[in-house]
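Subject: Handover of a structure for your review

Dear colleague,

A written account of the findings follows it.

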Amino acid sequence: MKNLVVLFLSIISLTFTHLEAKELSPASKYLGTWTYECNEAPYPYHEGSIVITEKDNKTSVKVIFDDGDSATGSNVKIKEGKLSFEIWVEGNSVKTVLEQKGAKYIGKVNSPEGQMNLKLEKKSAN
């Protein structure tokens, strides 16, 4: 009986340890598919989707523009609660920094045309 209780408690402990480790991932609050809006950007870059995934503790970002073209993020970092990444659009580097504001994420996009505002809303979880 003691062995059964110890086994049961071990299983519960391992389960909670695994769940806590998963919740502590800095990227966890960003993961999923988001719709974005950047009103200052020209078509087709003003609206689209951003897909944020994590595999082997590495965060990946893919931006899908309104016309169906896409760009893969590089230099993806999460620091001090902010997600930053860079994409290349028409031969130009576009840097983005996002942070949580309530249920949404807001950010700034630095492009050759200047700084623009970006808003994200959750579309689905991955």
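In this predicted model, the number of salt bridges is 2. One of them pairs Lys119 with Glu37, with 3.9 Å between the closest N and O atoms. This pair connects distant parts of the chain, since Lys119 belongs to strand E9 (residues 114-124) and Glu37 to strand E1 (residues 32-37), 82 residues apart. Lys119 is partly exposed at a relative accessible area of 43%, and Glu37 is likewise partly exposed, at 29% relative accessibility.

The side chains of Lys104 and Glu121 also form a salt bridge, with an N to O distance of 3.6 Å. Here too distant parts of the chain are linked: Lys104 is in strand E8 (residues 104-111) and Glu121 is in strand E9, 17 residues apart. Lys104 has a relative accessible area of 39% and is therefore partly exposed, as this class lies between 20% and 50%. Glu121 is partly exposed as well, with a relative accessibility of 43%. As a general point, side chains of opposite charge can pair when their charged atoms come close.

Asp66 is placed in the loop between strand E3 (58-65) and strand E4 (70-72), and its relative accessible area of 39% makes it partly exposed. Asp69 is found in the loop between E3 and E4. Beyond residues up to four places away in sequence, Asp69 touches Val63 and Ile64. Asp69 and Gly48 are 21 residues apart along the chain, and their C-alpha atoms are separated by 9.7 Å.

Turning to the overall architecture, the protein has 1 helix and 9 strands. Along the sequence, these elements follow the pattern α-β-β-β-β-β-β-β-β-β. Of the 126 residues in the protein, 29% are buried. Among contacts with a separation of 6 or more, 30% involve residues 24 or more positions apart.

Apart from neighbours within four places in sequence, Thr59 is in contact with Ala27, Ile52, Thr53, Glu54, Val76 and Ile78. Gly73 lies in the loop between E4 and strand E5 (74-79) and counts as buried at 17% relative accessibility. With neighbours within four places in sequence again left aside, Gly73 is in contact with Val61, Phe85, Glu86 and Ile87. The C-alpha atoms of Gly73 and Thr59, which are 14 residues apart along the chain, are separated by 9.6 Å.

When residues up to four places away in sequence are not counted, Trp88 touches Ala71 and Ser93. Between Trp88 and Ser111 there are 9.8 Å in space, C-alpha to C-alpha, and a sequence separation of 23 residues.

Finally, some points of backbone geometry deserve mention. Most residues other than glycine have a negative phi, and most peptide bonds are trans. Against that background, Tyr43 and Pro44 are joined by a cis peptide bond, with omega at about 5°. Pro44 is placed in the loop between E1 and strand E2 (47-55).

Asn57 is not a glycine, yet has a positive phi of about 60°. Asn57 is located in the loop between E2 and E3 and counts as exposed at 72% relative accessibility. Asn75, also not a glycine, has a positive phi of about 50°. Asn75 is placed in strand E5, where it counts as partly exposed at 49% relative accessibility.

Yours sincerely

Notes
Residues numbered from 1 in each chain as written. Predicted model: local features only at pLDDT ≥ 70, side-chain atom pairs only at ≥ 80, totals over all residues. Heavy atoms only, no water. Helix = DSSP H or I, 4+ residues; strand = E, 2+ residues; numbered from the N terminus. Buried < 20%, exposed > 50% of the residue type's maximum accessible area, 1.4 Å probe, protein only. Contact = heavy atoms within 4.5 Å. Salt bridge = Lys/Arg side-chain N within 4 Å of Asp/Glu carboxyl O.
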